[in-house]
Amino acid sequence: MMIQHRVYISTDKAIVDGKALELTEKGSALLTQIYRSHIGDYPKFFKMDTLCKLGFVASELLLNSEGERNFEPREDRAVILFNRNASLQADTNYQSTIQDSENFFPSPAAFVYTLPNIVTGEIAIRNKYYGETSFIVIEENDEKLMEQNLSVAFQDTDTQSIIGGWLDCTDEEHFEANIFIMEK
Amino acid sequence: MDELIYKLKQEIIEALNLEDMTPEDIDENASLFGEGLGLDSIDALELIVLMEKNYGIKLQDPNQGKEIFKSVKVMAEFIQKNRTK
């Protein structure tokens, strides 16, 4: 297994294959800045929770680093991500819409993000990937454990490459992505 | 009615996170779904919540949405007729 490209994003920086992007914003505004300066053709971005925004912009930077995009359907690429806090921010956001019995208006738009694997689906839909998608919640950012899981995924004969890695978010100001494209 | 239409446009932009859009960008007669604003089924559910939260209108039959959400103007007319707050 070999890592081809890597993207790292935290609340105040984004690094693509070791090279830092020129950015001025922080927190969720940083993700919007990346979207506007490097992506910009996917208005659904603005409806996403922070975990999805993070995964979306990180995967876009990653895939742009791979070369020209063709968006052709493919079954040989999996999307397998890991984190510690599942969809905590979306869960909290949704809970706030149902917390007060006097002001009880459950938000469907908030509810749809109350699962961490929504982000793997968003990436797969955007890129027409029909391979495996998984989101695995683990205790900590454990490279060895992640690698073990990814190696199991490669036992599927269809899977030739994986967008994998760490994608964690607790709120709009605290998040980290460290994702990569791994070839078999 | 014009005031309600304008307010409704503002509420729709906020509730549906229609970034970079202003009330002036929304044609009050244009379809909210499909070719018009391009909203989806989750947006439709959010509009149902918006009507209940802001105007006290509870849709008994979600299929009513098809008619009510034809355009901002149709939605405003329905709200004016049925609002309880």
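Residues are numbered from 1 along each chain as its sequence is written, and chains are lettered from A in the order in which they are written. In this predicted model local features need pLDDT of at least 70 and side-chain atom pairs count only at pLDDT 80 or more, while totals for chains, interfaces and linings use all residues.

Visitor: In what order do the seven strands of the open sheet in chain A lie?
Guide: Strands (E, at least two residues) and helices (H or I, at least four) are DSSP runs numbered from the N terminus, and two strands pair if DSSP finds at least two bridges between them. The edge strands, each pairing on one side only, are E3 (19–20) and E5 (133–137) of chain A. The pairing is mixed, and the order is E3-E2-E1-E7-E6-E4-E5.

Visitor: Which residue in E7(A) is the bridge partner of Met2(A)?
Guide: Strand E1 (residues 2–10) and strand E7 (residues 174–183) of chain A run antiparallel and are joined by eight bridges. In E7(A), the partner of Met2(A) is Glu183(A).

Visitor: At about what angle to E7(A) does helix H2 of chain A run?
Guide: Angles run from 0 to 180 degrees between N-to-C directions, and axes are lines fitted to C-alpha atoms, for helices over the stretch in contact. Helix H2 (residues 50–65) of chain A lies across E1, E2, E4, E6 and E7 of chain A. Its angle to E7(A) is about 35 degrees.

Visitor: Is the crossing of H1(A) and H2(A) left-handed or right-handed?
Guide: Helix H1 (residues 28–39) of chain A and H2(A) pack at about 35 degrees, with axes 10 Å apart. A crossing is left-handed if the near helix is turned anticlockwise from the far one by less than a right angle, and right-handed if clockwise. The crossing of H1(A) and H2(A) is left-handed.

Visitor: Is Leu16(B) buried or exposed?
Guide: Leu16(B) lies in the loop between helix H1 (2–15) and helix H2 (41–55) of chain B. A residue is buried if 20 or more other C-beta atoms, placed from the backbone, lie within 10 Å of its own, exposed if 12 or fewer, and partly exposed in between. Because 21 other C-beta atoms lie within 10 Å, Leu16(B) is buried.

Visitor: Which residues does Leu16(B) touch, not counting residues up to four places away in sequence?
Guide: Two residues are in contact if their C-beta atoms, placed from the backbone, lie within 7 Å. With the stated exclusion, the residues touched by Leu16(B) are Leu39(B), Asp43(B) and Glu46(B).
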